[in-house]
Amino acid sequence: MQEIKFMVDWKNPPKLFIPGPVHVAPEVLEQLSRYTLGHRAKEYALLHGNTVGMLKKILCTEQNVFLVTSSGSGGWEASMRSLIKDDEKILCCGCGAFSDKYASVAKACGKQVEDFRVDWGKAFTAEMIDKKLSQGDYSAVTFVHNETSTGVTNPVEEISQMLKAKYPELLIFVDCVSAMAGLPLKFDQYGWDFAFASVQKAFAIPPGLAIFAVSDRALEKAKGVSNRGYYFDLLEFAKNGEKNQTPTTPAIPQIMALNFQCQKLLAEGMENVWAKHKEMAQLVKNWAKEKFALFAEDERCASNTLTTVKNTRGIDVSAVINAVKSKHGLAFGNGYGKLKQETFRIAHMGDMTAADLKELLGYIDDEL
Ligand code: PLP
């Protein structure tokens with residue numbers, strides 16, 4: 001068998017400050033190497049039920065939480081296939097590459113989409129969404145909690161309050177991939193119907209698992225939606241969830257790691273976890289403002305899980321990333337898509353610490 005020559009020294013791998021997958025702590029990695037369980041065995045049901053119970057606390061919901069063996073993108077597809085009928089119209093609010101992709105996936109699933117976009121770097125306001133919704137007849141609205149390309153967080157609480165008050169029938173779907181476990185998220189209070197994330201972001205677990213939160217009324221609606229497909233049929237997740245199981249064989253090692261991380265999050269307290277993310281973000285934002293500029297137009301909407309830095313000095317971003325990685329083993333991210341070289345991104349989420357970030361910023365300074 002031909003040996004694969006990785007560029008990585010596995011005894012001393014690079015520490016990831018890219019906006020996902022992020023650095024995974026050794027004690028979390030250990031969870032992935034436990035003996036495996038049969039997914040229809042009692043032990044698995046205990047693991048599953050316990051993990052879902054903790055996630056409900058973390059997401060502040062008493063409704064449904066599903067463990068789904070896919071990356072976060074599965075959330076886009078599941079919400080469209082299971083919860084939207086073909087003759088319904090949905091409003092997709094895009095403020096960057098990932099929220100735009102929600103609309104693309106909806107179209108790929110054959111749904112009727114109205115795109116509503118703001119310039120990259122901006123956030124939506126409740127007023128903007130209200131005005132747009134008042135001009136059409138929509139069954140659902142989609143938006144992103146935290147846009148990972150631009151480093152912008154939408155004011156989800158204000159938007160949700162407006163939606164609940166003025167459009168009580170409208171289903172609310174929120175991409176929380178780079179927000180969940182790092183930013184305040186109160187599923188029931190916000191009146192959301194579908195929220196999803198993958199575990200390689202603020203949960204700081206290797207990729208391979210997604211978390212879906214689904215409202216009771218959304219599941220009720222799914223019963224009347226045809227062509228829900230197979231892999232992401234939310235009614236199948238609900239049926240199997242009653243037995244603390246999943247429809248197909250799940251990524252059990254990732255679920256063990258998730259169980260471990262949930263225990264840690266709850267022991268720390270979510271308010272403290274969110275405050276820790278805010279503190280780490282402030283450190284990076286201050287550095288970015290001093291040395292460059294924030295890409296987020298309004299600092300109040302600049303993300304607390306990652307910072308997208310505007311390359312105001314015209315540095316060769318790839319060269320600096322490569323230099324810091326090869327000299328010190330720390331990796332941060334280039335701009336996403338059309339923002340490559342124009343911006344760069346530093347994640348501050350999960351198990352990272354302020355000390356880790358100071359070290360990284362110091363090395364970037366050396367290269368500047
Ligand atoms: N949504 C957002 C906001 C993201 O940042 C990402 C990935 O970075 C995705 C969706 C897609 O998630 P995944 O790569 O886990 O499929």
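A residue counts as buried when its relative accessible area is under 20%. Keep that cut-off in mind while reading this predicted model.

Start with the whole chain. The protein chain holds 13 helices and 14 strands. Its radius of gyration is 20 Å, close to the 21 Å that the globule rule gives for 368 residues, so the chain is as compact as a globular protein of that length. Along the principal axes, the C-alpha trace spans about 60 × 55 × 45 Å.

Now look at cover and surface. Of the 368 residues in the protein chain, 56% are buried. The chain exposes about 16,000 Å². Carbon and sulfur atoms supply 50% of that area.

Contacts come next. Take those between residues at least 6 apart in sequence: 71% of them join residues at least 24 apart.

The protein chain has 43 positive and 44 negative charges. Their mean positions lie 2 Å apart.

Then zoom in on one strand. Strand β2 covers residues 64-68. How many of its five residues are buried? Five of the five are, and β2 is mostly covered. The cover reaches both faces. On one side sit N64, F66 and V68, all buried.

Which strand is joined to β2 by five bridges? That is β10, residues 210-214. The two strands run antiparallel.

Definitions and conventions: Residues numbered from 1 in each chain as written. Predicted model: local features only at pLDDT ≥ 70, side-chain atom pairs only at ≥ 80, totals over all residues. Heavy atoms only, no water. Helix = DSSP H or I, 4+ residues; strand = E, 2+ residues; numbered from the N terminus. Rg over C-alpha atoms; globule rule 2.2 N^0.38 Å. Buried < 20%, exposed > 50% of the residue type's maximum accessible area, 1.4 Å probe, protein only. Contact = heavy atoms within 4.5 Å. Areas by Shrake-Rupley, 256 points an atom, 1.4 Å probe, with all protein chains shown as cover. Lys, Arg positive; Asp, Glu negative; His and termini not counted. Charge placed at Lys NZ, Arg CZ, Asp CG, Glu CD. Pairing = 2+ DSSP bridges.
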